[in-house]
Amino acid sequence: MNPNFSTQSLSGWGRYPVELCRLFRPEKRSEVAAILASGLQPSYISRGLGRSYGDAALNENAGVIWHVRMNRFLSFDGASGVLECESGVSLDEIVHYFLPRGWFLPVTPGTKYVTVGGAIAADIHGKNHHRDGSFSNFVLDFNLLTPTGRVLLCSPAEHPDIFWATVGGMGLTGAVLSARMRLRRVDSAYVFVDYYRAPNLEDALATMEASDERYEYSVAWIDALATGKTMGRSVLMRGSHAPAAELPGRLRNPRSGIGNALAVSSGPKWNLGIDFPSWTLNWLTVKAFNTAYYAVHHTALRQLVSLEKFFYPLDAIKQWNRMYGKRGFVQYQIALPQASGREGLRIILDRLARSGRASFLAVLKRFGDAGGGLLSFPLRGYTLALDIPVARGLVPFLHELDRMTMDHGGRIYLAKDSLVRAEDFAAMYPKLDSFRTIQRKLDPQRVLSSSMARRLKLVEQA
Ligand SMILES: Cc1cc2nc3c(=O)[nH]c(=O)nc-3n(C[C@H](O)[C@H](O)[C@H](O)COP(=O)(O)OP(=O)(O)OC[C@H]3O[C@@H](n4cnc5c(N)ncnc54)[C@H](O)[C@@H]3O)c2cc1C
């Protein structure tokens, strides 16, 4: 019997672009294999919770395999913290079940509504990248269903070429069915955070450089509209897990010493529910927000903050992406190498501030060493992420920023992208040809593709 599908308008988190796709919803690995073998659609791509911003998990007029029903925990070793689970398990489900038991994610993005499959495919990074690297550092192995129907156990030791093509490979080497990853021990659901208000970019970067290593986590909110002497003014938020013994008494269970200290809050508190008018986030409103945000965030040490608030502030509002209106938004995230990064950041922030475009959420962070993923994003240096509403002239403007990024040896992040040109992408990722070679061997019949893969020529077309 042919697998069922429905035709749906899908988008990534930025709600741009929106495309008609044929959505399959398998519950078992045999069903995923049947979909790939069915020949019903011109091609297929896996999809998790759709938190990539652009067209990575879209396949216009072709197949999209939604993995979220394959979300079973398979095993857990309480001594080593090794969790084996299906790829549709979300980081939210892991936090919800394991945090009260004293375990947390080794790397987490700014939302917990992403799947393990999506985390592997984008080789995601978190606020601890400067110390711990990206998600793949904690993945022991995974089962990959290849486009020819084989299931391969891949790790840095077994099928290492396929392992390193799959982490960061945006679903184009096969469907990750299940994975084993190492969780980290924590004894509270809190972080001690030091806030530091940096008056400009130079000061922010120098402070990160001088003292980031003292903290497990480091990130900065940056005022992307400030110009002149205050260009790049930021609020640095750096912290480390809070030991239960150092929590105030009200958060400690008198008997076990940790009980309440590991409590997890439940789900989003608000739902945006409607599309805001597209003009809501304009230059003036964002300027006013930035001024107020900078003013209220004073330098302060050892502030006790819950993990939820520190890592996932936006998860408190369901569908916050509707704030950008019906036209949607893009997240423009780049990595710049250490040597040329300061200059690159200065030039790009200056161009943005003069453009009249407002980035509501702008985040700056230092990256540690690059990992082994052929298309993994991080490289030693800095990363800047900007949310920019879709509006007239955005495409040429971002292509101009791409040029500046390339001129400084940098690159864009596939998990956020929807607009980069294929030739620019190839110039940013020197290992693209190695990726294509492995992909071609795994997928001789060109079963896998996505809207992103076609736009960026990540795979050779049949
Ligand atoms: C608010 C917010 C904050 C974020 N913060 C960060 C951050 O700090 N750091 C960071 O690195 N990223 C961040 N992201 C991006 C997000 O972590 C990645 O896009 C992640 O890949 C999304 O996972 P998903 O399950 O939603 O996958 P989707 O968006 O559905 O898919 C992403 C990619 O994974 C592939 N994929 C999904 N499942 C599988 C599978 N089972 N097998 C093979 N391939 C698969 C898809 O084909 C696609 O190419 C953020 C996103 C949001 C919305």
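Predicted model: local features only at pLDDT ≥ 70, side-chain atom pairs only at ≥ 80, totals over all residues.

## Ligand shell

The ligand has 34 residues around it, and those that come nearest are Ser 46, Arg 51, Ser 52, Thr 115 and Tyr 413. By class, the shell consists of 17 nonpolar, 14 polar and three charged residues.

Among the elements that each supply at least two residues of this shell are strand E3 (44-47), helix H3 (116-121) and strand E10 (175-182).

## Backbone contacts and burial

At Met 170, a backbone N or O atom lies 3.0 Å from an oxygen atom of the ligand. A nitrogen atom of the ligand is 3.0 Å from a polar backbone atom of Gly 110.

The ligand exposes 960 Å² when taken alone, and 95% of that is buried by the protein.

One cavity of 30 Å³ or more is found in the structure. The largest cavity has a volume of about 90 Å³.

Its lining comprises 13 residues, and Gln 331, Tyr 332, Lys 416, Asp 417 and Ser 418 lie nearest the centre. Strand E18 (329-337) and helix H10 (394-407) each contribute at least two residues to the lining, with E18 giving the most, at four residues. Seven of the lining residues are nonpolar, three are polar and three are charged.

How values were computed:
Residues numbered from 1 in each chain as written. Heavy atoms only, no water. Near = heavy atom within 4 Å. Polar contact = N/O pair within 3.5 Å; in protein donor to acceptor, adjacent residues only side chain to side chain. Areas by Shrake-Rupley, 256 points an atom, 1.4 Å probe, with all protein chains shown as cover. Nonpolar A, V, L, I, M, F, W, Y, C, P; charged D, E, K, R; others polar. 1 Å grid on protein atoms, 1.4 Å probe; cavity = no way out; pocket = protein on both sides within 12 Å on 5 of 7 lines; lining within 4 Å. Points joined across faces, edges and corners; volume = space filled by probe spheres on them.
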